[in-house]
Amino acid sequence: MTELKGALIGCGFFAINQMHAWNDVRGADIVAICDRDPERLKIVGDQFGIERRYSDAEALFADGGFDFVDIATTVESHRFLVEMAARNKVPAICQKPFAKTLSDATAMVEACRNAGIPLMVHENFRWQTPIQAVRTALDSNAIGTPFWGRFSFRSAYDVFSGQPYLADGERFIIEDLGIHTLDIARYILGDVRSLTARTKRVNPRIKGEDVATILLDHESGATSVVDVSYATRLSREPFPETLIELDGAEGTIRLTQGYGLEITNAKGTTTTDVSPKLLPWASRPWHNIQESVYAIQQHWVDQLERGAEHSTSGADNLKTFALVEAAYDSAAGGQTIDVGAML
Ligand code: NAD
Ligand code: 89Y
């Protein structure tokens, strides 16, 4: 396999996971890094032994010598950096949330399409081992056609210590975390026709909403509820588990706290442990997310080699991003949003 050369922009909190995962991925190596903060550049450069270091993305692209760029900055710079990659005809991965608005996201997809470069959004939760196990169970027809689902993420984990910017934005849980849950709902039950949402802010120390309840009408005719909260104190903290309930014509699936997959159908009930692996560089409770970072990055390389579209391509992610925007619109106005009309 030819080794692809990558450059990573944004050496912050989450990029450490991406750098570890690149070390494990078959077929790619990071050869250059960029961050406008010299301290972060030095920490990541020294930790991962990267010599080529840039404080300015224009200078990184001008020097070139890499086959793809992995953009791990926060959302404010995503459009600017993806369009820079497109101008330089360099295939790009962009962290979630893809953009600030659906119109920005659409322009980014358009820029990459016109430049003829692949674009993948680092929308990694669908790559988690337990979520993949649910997909596999459905594909094996374990419960027949699903008609109802619940995708639930309820926690009181302190995400603000690692990611302080999450407390400052006008928007919080739907844009930051619910985006993954909505993507999982699409991945499991298919695209969405219409959506109704309600939000709340419970934590007085943050600016945005920390609770959201979203009702989805899927094109398949299934109905689902996506409910997310960072204001839910439980006896056993579930972070960062997404719990799933699916009812089908011939049975049910439950993804329960502690990574149990329970399938009930005419044959009875089976319970399987679908825990993620604890990779050597990972730490609990983040290991579920960390393993999915490795999985999505390996998928990036594998699909580039095959010349095939990525599961969370920019074009695919517009349909997830539309749900984020629709949820904020619905919560603000109280109405049901026609998602198809937004795309
Ligand atoms: P961070 O603020 O810790 O790091 C971002 C880094 O990017 C900073 O070091 C900053 O100096 C640098 N940067 C910003 N703009 C730049 C530019 N134009 N050029 C060069 N450097 C620039 O943020 P973070 O917590 O690491 O989050 C980064 C992204 O990862 C966010 O979009 C966040 O939502 C996402 N994230 C994803 C997951 C996941 O599971 N997919 C988990 C956590 C965070
Ligand atoms: O930023 C978020 C993400 O993508 O996964 C969990 C998180 O780090 C905090 O909500």
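Which of the 24 residues around ligand 1 come nearest?

1. **The residues nearest ligand 1.** This is a predicted model. Five residues come nearest to ligand 1: Phe14, Asp35, Lys96, Asn124 and Tyr165. They belong to a set of 24 residues around this ligand.

2. **Make-up of that shell.** Sorted by class, the residues around ligand 1 include eleven polar ones.

3. **Backbone contacts to ligand 1.** Look along the backbone here. A polar backbone atom of Phe13 is 2.9 Å from an oxygen atom of ligand 1. For Arg36, a polar backbone atom is 3.3 Å from a nitrogen atom of the ligand. At Thr73, a backbone N or O atom lies 3.4 Å from a ligand oxygen. On its own, ligand 1 has 860 Å² of accessible area, and the protein covers 89% of it.

4. **The pocket of ligand 1.** The space that ligand 1 takes is the largest pocket.

5. **The two domains.** The protein is divided into two parts. Domain 1 covers 4-117. Domain 2 is made of 126-295 + 319-342. Taken over C-alpha atoms, their centres are 27 Å apart. Where they meet, 17 residues of domain 1 are in contact with 18 residues of domain 2.

6. **Ligand 1 and the domains.** Why does ligand 1 lie between domain 1 and domain 2? Both domains give residues to the shell around ligand 1, so the ligand lies between them.

7. **The surroundings of ligand 2.** Turn now to the other ligand. Eight names make up its surroundings: Lys96, Phe125, Val159, Gln163, Asp176, His180, Tyr230 and Trp286. By class, four of the shell residues are nonpolar, two are polar and two are charged.

8. **Side-chain contacts to ligand 2.** Side chains are the topic here. An N or O atom in the side chain of Asp176 is 2.5 Å from an oxygen atom of ligand 2. The side chain of His180 has an N or O atom 2.7 Å from an oxygen of this ligand. For Lys96, a polar side-chain atom lies 2.9 Å from an oxygen atom of ligand 2. Taken alone, ligand 2 exposes 270 Å², of which the protein buries 93%.

9. **The pocket of ligand 2.** Which pocket is the space taken by ligand 2? The space is the largest pocket, and the space taken by ligand 1 is likewise described as the largest pocket.

Definitions and conventions: Residues numbered from 1 in each chain as written. Chains lettered and ligands numbered in written order. Predicted model: local features only at pLDDT ≥ 70, side-chain atom pairs only at ≥ 80, totals over all residues. Heavy atoms only, no water. Near = heavy atom within 4 Å. Polar contact = N/O pair within 3.5 Å; in protein donor to acceptor, adjacent residues only side chain to side chain. Areas by Shrake-Rupley, 256 points an atom, 1.4 Å probe, with all protein chains shown as cover. 1 Å grid on protein atoms, 1.4 Å probe; cavity = no way out; pocket = protein on both sides within 12 Å on 5 of 7 lines; lining within 4 Å. Sits in = over half its atoms within 2 Å of the grid points. Nonpolar A, V, L, I, M, F, W, Y, C, P; charged D, E, K, R; others polar. Domains from an automatic or database assignment. Contact = heavy atoms within 4.5 Å.
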